[in-house]
Amino acid sequence: MNQPITPEESLQRIRIVLSRPSHPGNIGAAARAMKTMGLSRLYLVNPKSFPDPEADARATGAVDVLHAAAVCATLDEALAGTIHAVAVSARRRDLGPQPQPARDGVANLLGFAQQGEVALVFGNETTGLSNDEVQRCQSAVTIPTAPDFSSLNLGAAVQLLCYEARMTALAAPAVLGDPKVTPFTSPLATLDEAEGFYAHLETVMVESGFMDPAKPKRLLPKLRRLFGRAGLEKDEVNILRGILTATQLAEKRQKNR
Ligand code: SAH
């Protein structure tokens, strides 16, 4: 059973991931937004310009968070080791996880934070998150807005989510009492372990003729959504990969006959 952690420790387990930010000022604003709410782990995926004096200027008082930011080449790199990632997006998608209002999604995220590292993933200022990026995440949130104008500034969106996280973390007994955070029999799989499984599954689906790589349809995004909803545990990933390996060996034996 996991030991309960303090609200401040829960907040420290949340990574704020900015994917492809184009304005360094927004990176600085995000660092400041985080620090005011007790978060400190900033990850930048392919920032257009970083470090940058504009980022320092907008971070006033939070340059420690800014300068400690991890710069990553891919979203997978930024999410390595996390057990749950939330896509923060204003737009509805055909595929990917069903979006929840920010407050509910953050409460869910803090439940996962009791068990390990988690992430909130924000998109580029102009294009938002790509479908591929959203599909890397196991859940999604939208900040409720006026119906005719839903796009917040990136720094403002980070501030709101960090505020919600702080308010929920301080109401921790309610979060810890949530049945969804009952300790699992096996720890949750990390994103990299889940990605290893998806890649293996894809290989077997192609080898077995189930999936035509030229016409993959929406098979993989649908399977990602299914397993994302399930919340894969480490043991479950090992079992599923064991089945895939056994299937591959059986196919090989049949071919060699
Ligand atoms: N034009 C873009 C919006 C980009 S705003 C689009 O259509 O997606 C930059 C980022 O701020 C978004 O990718 C998202 O992470 C966050 N954001 C802005 N408004 C939001 C909202 N109403 N709900 C959730 N996230 C929002």
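Mentor: A residue counts as near a molecule if one of its heavy atoms lies within 4 Å of it. Keep in mind that this is a predicted model.

Trainee: How many residues surround the ligand?

Mentor: The closest residues include Val88 and Arg91. Ile143, Ser150 and Leu152 are also among the closest. The number of residues that surround the ligand is 19.

Trainee: What is the distance from a nitrogen atom of the ligand to a polar backbone atom of Ser150?

Mentor: A polar contact needs a pair of N or O atoms within 3.5 Å. Backbone atoms of other residues also lie at such distances from a ligand nitrogen: 3.1 Å for Thr126 and 2.8 Å for Ile143. For Ser150 the distance is 2.7 Å.

Trainee: What share of the area of the ligand does the protein bury?

Mentor: Start from the ligand taken alone, which exposes 540 Å². The share of that area buried by the protein is 91%.

Trainee: Which pocket does the ligand sit in?

Mentor: A molecule sits in a pocket if more than half of its atoms lie within 2 Å of the pocket's grid points. By that rule, the ligand sits in the second largest pocket.

Trainee: Which elements give two or more residues to the lining of the second largest pocket?

Mentor: This pocket has a volume of about 410 Å³. Its lining has 22 residues, and those nearest its centre include Ser89, Ala90 and Gly128. By class, the lining holds nine nonpolar, ten polar and three charged residues. The elements that give two or more residues to it are strand 7 (139-142) and helix 8 (154-170).

Trainee: Which helix gives the most to the lining of the largest cavity?

Mentor: There are three cavities of 30 Å³ or more, and the largest has a volume of about 110 Å³. Of the 14 residues that line the largest cavity, Ile83 and Gln138 are among the closest to its centre. Two helices each supply at least two lining residues, namely helix 11 (219-230) and helix 10 (191-207). The one that gives the most, with three residues, is helix 10.

Trainee: How many residues of the lining of the largest cavity are charged?

Mentor: The lining divides into nine nonpolar and five polar residues. The number of charged residues is therefore read from the remaining class, made up of Asp, Glu, Lys and Arg. In this lining, the charged residues number none.

Key:
Residues numbered from 1 in each chain as written. Predicted model: local features only at pLDDT ≥ 70, side-chain atom pairs only at ≥ 80, totals over all residues. Heavy atoms only, no water. Polar contact = N/O pair within 3.5 Å; in protein donor to acceptor, adjacent residues only side chain to side chain. Areas by Shrake-Rupley, 256 points an atom, 1.4 Å probe, with all protein chains shown as cover. 1 Å grid on protein atoms, 1.4 Å probe; cavity = no way out; pocket = protein on both sides within 12 Å on 5 of 7 lines; lining within 4 Å. Points joined across faces, edges and corners; volume = space filled by probe spheres on them. Helix = DSSP H or I, 4+ residues; strand = E, 2+ residues; numbered from the N terminus.
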